[in-house]
Amino acid sequence: MNKTIVLVLIILFGIGCSSKKYISQVPFKYDYSLEALKKQAKMEDSGLSNKTVVNDNSENLSDATLALKEKYSIVLGVIPNKITNYKLYSYIDPWVNTPYKEKSFSSTGVDCSYFVQSLYSEVYKVTLPKDPAGMWKSKSIQIFTGRSFLAEGDLVFFRYDKDHPISDVGIYLHNDRILACTSKGMAIYNFNDEYFQLRYIGAGRINEDTKKK
């Protein structure tokens, strides 16, 4: 009990001291090991011994795709049925935890805007510029600012300094989780983290005219 009270006081003290200061640290990054995720969610086999297992593979998915569906449903905190764009997550998965490197698209270092350009070309068949400002101005993208309208696959744009109004870009996934780059590398982060909220400029979605082409 005493430890709990001390922990709460420490948290409250930390919030009180830092809430008015500009965020300088990058946010929490999610762990992507499926076994680690299961353990954190208390999904060990022993905990399932008295449960009825339901076959929810009506799509006859491969074991690899089923594992991907399960993995990202846990990472994003949604039910597995929400994960349906397997091409999107198959493309994302090998790049998670790749170090950040400016103007690079390599397994040793990646720039998120370069990655987004490649992903949109491969997954959505839409050609975008490689730079965030170019994507913002692209005729293929419809810009909006409302955060409540965000949907899987939308672009989210950020401003880091006054000299670059559109400094970086990420991809919205589900449940306020985004794929983005920070100094910790490319990973899935919580969009609600103050780090991103202070920098968020707007979002973009493939416009209807582009979809019809």
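Because the model is predicted, local features are reported only at pLDDT of at least 70 and side-chain atom pairs only at pLDDT 80 or more, while totals for chains, interfaces and linings use all residues. Residues are numbered from 1 along each chain as its sequence is written, and side-chain values use heavy atoms, with hydrogens and water left out.

The secondary structure consists of 8 helices and 8 strands. Helices (H or I, at least four residues) and strands (E, at least two) are DSSP runs, numbered from the N terminus. The protein has 213 residues, of which 41% count as buried. Buried means under 20% relative accessible area, exposed means over 50%, and partly exposed lies in between (1.4 Å probe, protein chains only). A contact is defined by heavy atoms within 4.5 Å. Among contacts in the protein with a separation of 6 or more, 56% are made by residues 24 or more positions apart.

Six strands form an open sheet in the order β3-β8-β4-β5-β6-β7, and the pairing is antiparallel. The edges are taken by β3 (141-144) and β7 (185-190), each of which has a single partner strand, so one side of each lacks a neighbour in the sheet. On average, neighbouring strands of this sheet are turned by 30° against each other, with direction ignored. Helix α5 packs on the sheet and touches β3, β4, β5, β6 (177-182), β7 and β8 (200-206). The direction of α5 makes about 45° with that of β5. For such angles, axes are lines fitted to C-alpha atoms, for helices over the stretch in contact, and values run from 0 to 180 degrees between N-to-C directions.

Two strands are taken to pair if DSSP finds at least two bridges between them. Strands of a sheet pair through backbone hydrogen bonds, either parallel or antiparallel. Strand β8 is joined to β3 by 4 bridges and to β4 by 4 bridges; the strands run antiparallel in the pair with β3 and in the pair with β4. Of the 7 residues of β8, 5 are buried, and the strand is mostly covered. Strand β4 (residues 155-158) is also joined to β5 (residues 168-172) by 4 bridges, again in antiparallel fashion. Phe157 has a partner in β8, Gly202, and stands opposite Val169 in β5.

The whole structure contains 2 salt bridges. A salt bridge is a side-chain nitrogen of Lys or Arg within 4 Å of a carboxyl oxygen of Asp or Glu. One joins the side chains of Lys71 and Asp93, at 2.8 Å from N to O. Lys71 belongs to helix α3 (residues 63-76) and Asp93 to the loop between α4 (86-92) and β1 (105-106), so this pair ties together parts that are 22 residues apart in sequence. Lys71 is buried at 15% relative accessible area, whereas Asp93 is partly exposed at 24%. The side chains of Asp154 and Arg205 also meet in a salt bridge, at 2.7 Å from N to O. This pair links distant parts of the chain, with Asp154 in the loop between β3 and β4 and Arg205 in strand β8, 51 residues apart. Asp154 is buried at 3% relative accessible area, and Arg205 is partly exposed at 28%.

Asp111, in the loop between β2 (109-110) and α5 (112-123), is buried yet has no salt bridge. Lys103 is the nearest side chain of opposite charge, 7.7 Å away. In this count Lys and Arg are positive and Asp and Glu negative, with His and the chain ends not counted. Not counting residues up to four places away in sequence, Asp111 touches Tyr100, Lys101, Glu102, Lys103 and Ser104. Ser104 lies in the loop between α4 and β1 and is buried, with a relative accessible area of 10%. Beyond its neighbours within four places in sequence, Ser104 is in contact with Gly109, Val110, Asp111 and Tyr114. The C-alpha atoms of Ser104 and Tyr114 are separated by 6.9 Å, although these residues are 10 apart along the chain.

A disulfide is a pair of cysteine sulfur atoms within 2.5 Å, and the count by this rule is 0. The sulfur of Cys112 has its closest cysteine sulfur in Cys181, 4.2 Å away, which is too far for a bond. Cys112 is buried, with a relative accessible area of 1%, and Cys181 is also buried, at 4%.
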